[in-house]
Amino acid sequence: MPELVTLTIDDREVQVPKGTGLVETAMGAGIEIPVFCYEPRLGPAVGACRMCLVEIEGMPKLQAGCTMTAQDGLVVRTAATSDKAAQGQNATLEFLLLNHPLDCPVCDKGGECPLQDLTFRYGPGTTRMVFPKRTFDKPIPISPTIALDRERCILCYRCTRFSEGVAEDHQLVPRNRGAQTLITTFEEEPYRAPFSGNVIELCPVGALTSTQYRFEARPWEIQNVPTVCTMCPVGCNVTVTTREGKVKRILSRNHPEVDQGWLCDKGRFAFSHLRAEDRVTQPLRRVRRRGFATISWEEALDETERVLRGAGGRIVTALSGSETIEHAYGLAKLLRTGLGAHSAVLPEETDVAIDAFRLPLSAIRGAELIVVVGDDPVAERAPVVDLWLKLARRGGAEVVTIGAAGSVLTAPGSAAQTCRELAGSGSELGRRLRESERAILIWSSPGGHGGAEIAALAGELGFAGKPGSGAFHLPATPNGRGVADAWAAASDDEGPNPEPIAVLVVSGDEAASDPHVRALAERAETVIAIVMFERVALGWADLVLPGTSYLERDGTAMNLEGRLQRLRRAAIPPVADELSWLSQLAARFGVDVSPYPAPVFEELAGTVYGGLTLGELGERAALAERAQIPAPAPDPDTEPARPSDGHYLNLLPYRPLFAGAAVERVPELQFQRPAAEVELSWDDAQRRGISSGDEVLVRSNGTSATLRARLNRRLLPGVVRIADEHARDLHATVEVTKP
């Protein structure tokens, strides 16, 4: 138990653990110490703004409250009871406003600005400064998504501390000293980092603003909707700001177990895909010689019914893993119950054994040993998990990455083999995992049965009996587990894979972009695609039904922890949502599917989730307790990549975070998308006379691509890494040469 100390704040006696920050102590006692630079998620306080000045008995000068900790017998007086502290805070505000432009009526932070609020409460009512204020060129484009108004900056250093100490990208820095200090990037380069948008929220004034939200709305004109981001499997909690039914911005909504209040730029800025030029707003039907024609919803339902009835059960469904659980269940109930079509391409494995080792993501912070197994960078697959890993490392945890570009190098595709080696008695790392009471395993690799593999390893290492140890599987889709649950709940029946395929039903733009699904489409007699964007499906679909975004849906989704979370509709979709037309279509086949998420979830939850209701999920969903599930047997061995012969190199494609149909339609995010480049190891580049930045020719089985070389000293020799979109026509082994 921590040692408790007793101190007095504004004549109120408080008892807290020794070393607790004074600001937190006062907050717990219901006493406010105003702050600007203080933010507990950024690490130790720096006392930069001096807004938190307090009077300490026995000390002749005012002290910065944020830098002090609770000590026994301490007597503290804030501005509420000390004239000296009040005068100090008034003087601090006066100095902050010395050159601060009083442009609140046109500032985007107006109405939501801590400086504005505290000036009204603590600052002097009039100014003594009559000279002209400093001005700068404005706005300075820190990046295509962030604008900087330098004259508003109060040098709290929240933004630079985030860049240095949380994201660890080290791109945003202070330049010069004293009153001449400016916030900038190195060499005026764009702030290109996956979490750059967090500095907008951290800024306590209107210095850093969003280019998307700038001059779009004022606080009294907006509505804020709490929901969950499903752009990746983390499921960060967000607040969606809307005006007149249209999304204007997305802010983080701190769930301390999931995201700690951070949000990646994909989740923050990709909302403008809702207004894409090629958004499908009416059903489309292929017409011979004329491409596609717009049809009414009644005609679309008639055509869908005709096609499905004539399929004779030879139907295959391809799901994206981006659907809500209710949407997936409604579709599954129609196809499986009404038509006996049980064949599906599911986005993820359905193994639940990992539930026996379930922990919140926040448990990573307190781990002492973390092992990441797989070839995909965690930052690309589940970005907020990467922030938890960095926080754990700063706290003293040892993080071991095992893969083709890890701290321990292994051949591509050998993640399953690595798990078995760790489980063996001869592995030193495996022994340390067994002995640790706070160990974490993370699977971050494409394909295979990662959940089963990492669960089997956790079982072998004895994690079931250690509540501080757990395992995570980082899936490739946002709601793959929930979609698989919904599909299984609709029916227990099974059926053979139809051949030939009469109808292929493709649900979601992610499935429509999958090469495997495209190959199925070539074998199908008719393809029905439910997508948001025309260009995704117009080349090969026969009937296109409009889809919606997660921002336009009510329902639920399950994240990588196995946490069931609630989505709330923030924007009014330009089309009927999936459940409403699925309900009408299902009725034609005598299947009862409600057009509303709540009764659909209630029906589903009675089978899968123990009778849970939507209302019980709340705005901050709790993580279910560990399930008592026996560890599974490992799956059969997968074939690792063959060793390179020195001439041909093994291709390791990866899916970047800033990829996909939604990101492609957001102009502000194009600078974040992966460059047309190939990553080579230092040895392979030296052998070929290639330097970083050189143009190289990548050849494979008669296809070729011209890419720019980037050297990676951590990459295993004999392996090259290329983003999916640039490696689409290349095969498993490639030749890399200078043109």
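Buried here means under 20% relative accessible area. Keep in mind that this is a predicted model.

**Stop 1: helix α10**

Select residues 383-394, which form α10. Nine of the 12 residues are buried, so the helix is largely enclosed by the rest of the structure. Color these buried residues: Pro-383, Val-384, Val-385, Asp-386, Leu-387, Trp-388, Leu-389, Lys-390 and Ala-392. What covers them? The cover includes β18 (369-373), α9 (378-381), β19 (398-403) and β21 (439-443).

Now check the length of α10. Its first and last C-alpha atoms are 17 Å apart, close to the 16 Å expected at 1.5 Å a residue. Then step past the helix to Gly-396, where phi is positive, near 105°.

**Stop 2: helix α2**

Select residues 83-96 for α2. The 14 residues should span 20 Å at 1.5 Å a residue, and the end C-alpha atoms are 20 Å apart, which agrees. Show side chains for the buried set: Ala-85, Gly-88, Gln-89, Thr-92, Leu-93, Glu-94 and Leu-96.

**Stop 3: a helix pair**

Select α11 (residues 415-423) together with α13 (residues 450-460). Their axes are 9 Å apart and meet at an angle of about 5°. That makes α11 roughly parallel to α13, because an angle under 35 degrees counts as such. On the α11 side, pick Ala-416, Cys-419, Arg-420, Leu-422 and Ala-423. They meet Glu-453, Ile-454, Leu-457 and Glu-460 of α13. Which classes of residue make this contact? Six are nonpolar, three are charged and none is polar.

**Stop 4: Thr-477**

Go to the loop between β22 (470-473) and α14 (480-490), and select Thr-477. Is Thr-477 buried or exposed? Its relative accessible area is 12%, so it is buried. A polar atom of the Thr-477 side chain lies 3.4 Å from the backbone nitrogen of Gly-480. Leaving aside neighbours within four places in sequence, show the contacts of Thr-477: Pro-233, Ser-320, Gly-321, Pro-347 and Glu-348.

**Stop 5: Leu-202**

Move to helix α5 (residues 198-202) and select Leu-202. At 2% relative accessibility, Leu-202 is buried. Beyond neighbours within four places in sequence, Leu-202 is in contact with Glu-39, Arg-41, Leu-42, Arg-158, Phe-162 and Trp-262. For a distance check, pick Ala-404 as well: Leu-202 and Ala-404 are 202 residues apart in sequence and 36 Å apart in space, C-alpha to C-alpha.

**Stop 6: two cis peptide bonds**

Select Lys-138 and Pro-139. The bond joining them is cis, with omega near -15°. Pro-139 sits in the loop between α3 and β6 (140-143). Next select Glu-499 and Pro-500. Their peptide bond is also cis, with omega near 0°. Pro-500 lies in the loop between α14 and β23 (503-507).

**Stop 7**

Select Asp-10, in the loop between β1 (4-9) and β2 (12-17). Phi of Asp-10 is positive, near 50°. Asp-10 is buried, with a relative accessible area of 14%.

Finish at Asn-701, in the loop between β30 (695-700) and β31 (703-712). Phi of Asn-701 is positive too, near 50°. At 66% relative accessibility, Asn-701 counts as exposed.

Conventions: Residues numbered from 1 in each chain as written. Predicted model: local features only at pLDDT ≥ 70, side-chain atom pairs only at ≥ 80, totals over all residues. Heavy atoms only, no water. Helix = DSSP H or I, 4+ residues; strand = E, 2+ residues; numbered from the N terminus. Expected span 1.5 Å × (residues − 1). Buried < 20%, exposed > 50% of the residue type's maximum accessible area, 1.4 Å probe, protein only. Contact = heavy atoms within 4.5 Å. Axes fitted to C-alpha atoms, helices over the stretch in contact; angles between N-to-C directions. Parallel < 35°, antiparallel > 145°, perpendicular 65-115°, else oblique. Nonpolar A, V, L, I, M, F, W, Y, C, P; charged D, E, K, R; others polar. Polar contact = N/O pair within 3.5 Å; in protein donor to acceptor, adjacent residues only side chain to side chain.
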